[in-house]
Amino acid sequence: MSDVVQVSRLSIVFPSDQGPVKAVDNISFTVREGESIGIVGESGSGKSTVAFALFDSVPDPGEITGGEVTYEGGVKLFELSEEAKRRFYWSKASMVFQAAQNTLNPILRISQQIEDIADAHKMDKRAALARATELFDTMYIDSGRVLSAYPHELSGGMKQRVSIALALLLGPRLVVLDEPTTALDVISQAAVLRILDNVRRESAISFVFITHDISVIAHVVDRVIVMYGGKIVETGPVEKIVANPSHPYTRGLIASIPPLVGDLSETRALPGQPANLLNLPKGCAFADRCELKQQRCLTEMPQIRTIGPDAEAACHVL
Amino acid sequence: MTKLLRRLGISVLMIFLVAALTFFLIRLMPGNPYEVMYHQLLMKGMSQQQAMDQVRSIMNAIPNQPVLIQFVEWLGQLLHGNMGTSIQETGVPVTELVLNALPWTLVTVSLGLVISFFIGILLGVWSASRRNSWVSGLIDNVGSIAHAIPAYVTAVALLYLFNVVWHVFPSSGAYGIMETPGLNIPFLLSFLYHIVLPVGTYVLTGFGSWELAMKSTTITVINDDFMMAARLRGLPREKQMRYLGWNSILPLFTSFMLSLGAMFGGSVFIEGTYAFPGIGNLFATAINSRDYPVIQGCFLLTTTTIIVANVIADFAYSKLDPRIQA
């Protein structure tokens with residue numbers, strides 16, 4: 001299988017009054033054709049910033065200070081002209097936002113927004129509307145009503161599904177989904193995830209899920225990337241990460257998920273505070289919260305290395 | 001439709017209330033034109049009866065009639081479309097005075113409002129798109145200062161500079177004395193030439209608040225998720241700007257319509273400075289000479305303008321912004 005996107009040695013810095021904030025520090029990963037990966041981490045781990053970097057659209061004042069994002073066919077994103085990037089966006093890679101409810105222009109009908117996308121990519125408007133109708137049908141959306149509706153006339157779950165349909169409109173190779181279900185109730189969450197899973201089974205599309213809650217996406221991803229303090233601390237197949245996590249942080253993360261049935265006392269919260277990106281330690285960023293910490297964890301940065309089949313982790317103790 | 005009727009009903013009621021209030025308020029002002037004239041006539045040696053008859057025939061009012069009765073009488077006349085006659089310009093109907101003055105003010109005020117709105121919108125977007133540079137700070141400060149200076153000061157300053165010092169623009173009137181008002185080129189040119197300073201005053205004192213308001217809504221909208229979405233959807237820059245522009249201007253629309261009324265009020269000072277034959281000037285002169293019927297006429301006209309503008313704004317807004325229902 002070929003790689004849809006390859007991220008290599010990506011670093012992103014947010015300048016601030018107290019000094020530069022290293023939001024993303026030298027991370028590399030690839031997404032293969034038809035693969036679904038989840039990038040998991042707590043607030044401030046840099047996962048959303050990675051999502052925007054995949055579009056060279058890191059929010060101000062963030063700055064990509066190093067690395068490369070290479071799409072299929074050797075397309076080096078950061079080297080494209082503005083116009084080439086514009087044409088690349090949405091047709092090859094699209095995004096579903098964290099608050100997808102707010103990503104629709106509030107004063108235009110859904111049909112108009114679809115036509116605007118079609119216009120921008122030289123697609124026939126009628127063909128675009130027909131494709132949207134098809135997508136809406138697979139998502140159990142009443143396309144007749146929704147097409148002529150304004151965003152405020154739709155419910156949150158509806159808008160979310162519309163924005164997913166819009167993301168799929170031009171048949172992209174990659175869809176980045178930033179917390180696609182956080183704003184939804186559990187029923188809609190399940191419905192949306194099932195729709196996405198069906199889409200992936202029917203086409204060779206790749207997904208990147210960004211989430212803080214691994215339990216929500218566990219059933220729709222193949223591989224998980226765990227981020228902490230702007231770095232990748234562990235990657236591996238989802239079954240391995242959930243059942244047998246290696247890195248102490250991942251273990252803590254999995255242990256903190258409350259079980260649906262059973263005793264809450266088995267759930268443990270991670271002690272301490274998330275890493276301070278302004279003042280990262282010389283050694284492992286997780287060391288001060290780690291139960292297994294050793295002397296070298298404080299002085300030496302652990303490098304990411306292979307720890308099993310298709311699994312990597314950055315930890316001295318393993 | 002019933003909503004429209006209800007809105008209109010409320011509007012008529014409001015106009016009536018304002019009319020009634022002004023009727024009594026202006027009679028609370030010190031100095032009463034009927035008595036002034038009555039006493040003047042007495043001093044000229046007339047008998048009380050003669051003076052009273054004289055006042056009644058000139059002013060079409062009985063000086064010592066109770067105010068309430070005067071009010072009822074005035075209201076009755078008003079319902080017939082008769083706003084009475086001027087005291088100062090004896091015998092001239094108020095309707096005629098007001099309707100003669102209205103077009104001048106309407107044109108200058110609307111022109112001033114539209115120009116200042118557009119300048120403000122453009123500068124606001126510009127300032128918002130460069131909000132960390134010195135240009136933005138300069139635009140904001142110039143706008144604030146121009147807005148903060150009272151309009152009559154700006155008017156006097158412009159008059160001094162462009163008339164007294166540089167002799168560029170005329171100091172008074174709405175057109176040259178050689179021209180005949182109507183749809184002819186010489187008159188229109190002369191008119192444009194004469195309104196440069198009044199309109200310039202409205203623009204100078206008005207654009208700043210539009211600029212600041214537009215900048216703030218634009219910055220809010222720029223950071224909205226749908227703008228990032230528009231970029232990632234690969235929409236061309238012009239389309240993105242259209243998304244940004246419409247969403248930023250909409251909140252300003254209501255205040256735009258309301259300003260029309262406010263600027264009618266502002267015209268009192270500006271038209272006085274430029275001796276411009278509009279409503280503001282008429283109003284100022286009427287107040288100084290306690291010309292009750294004319295004052296009432298001006299008030300009535302201004303309120304009606306504001307209220308009508310309000311109703312139009314409400315209905316137009318619901319057409320422009322799908323989220324609002326009239």
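Biologist: In E5(A), which residue is the bridge partner of Tyr71(A)?

Modeller: The bridge partner of Tyr71(A) in E5(A) is Val75(A), a strand being a DSSP run of E with at least two residues, just as a helix is a run of H or I with at least four, numbered from the N terminus. This is a predicted model, in which local features need pLDDT of at least 70 and side-chain atom pairs count only at pLDDT 80 or more, while totals for chains, interfaces and linings use all residues. Residues are numbered from 1 along each chain as its sequence is written, and chains are lettered from A and ligands numbered from 1 in the order in which they are written.

Biologist: How do you know which residues Val208(A) is in contact with?

Modeller: Contact requires C-beta atoms, placed from the backbone, to lie within 7 Å; leaving aside neighbours within four places in sequence, the contacts of Val208(A) include Val31(A), Ile37(A) and Leu174(A).

Biologist: How many residues does each chain give to the contact between A and B?

Modeller: Chain B gives 18 residues and chain A gives 23 residues, and on the side of chain B helix H9 gives the most, with 6 residues.

How values were computed
Contact = placed C-beta atoms within 7 Å. Pairing = 2+ DSSP bridges.
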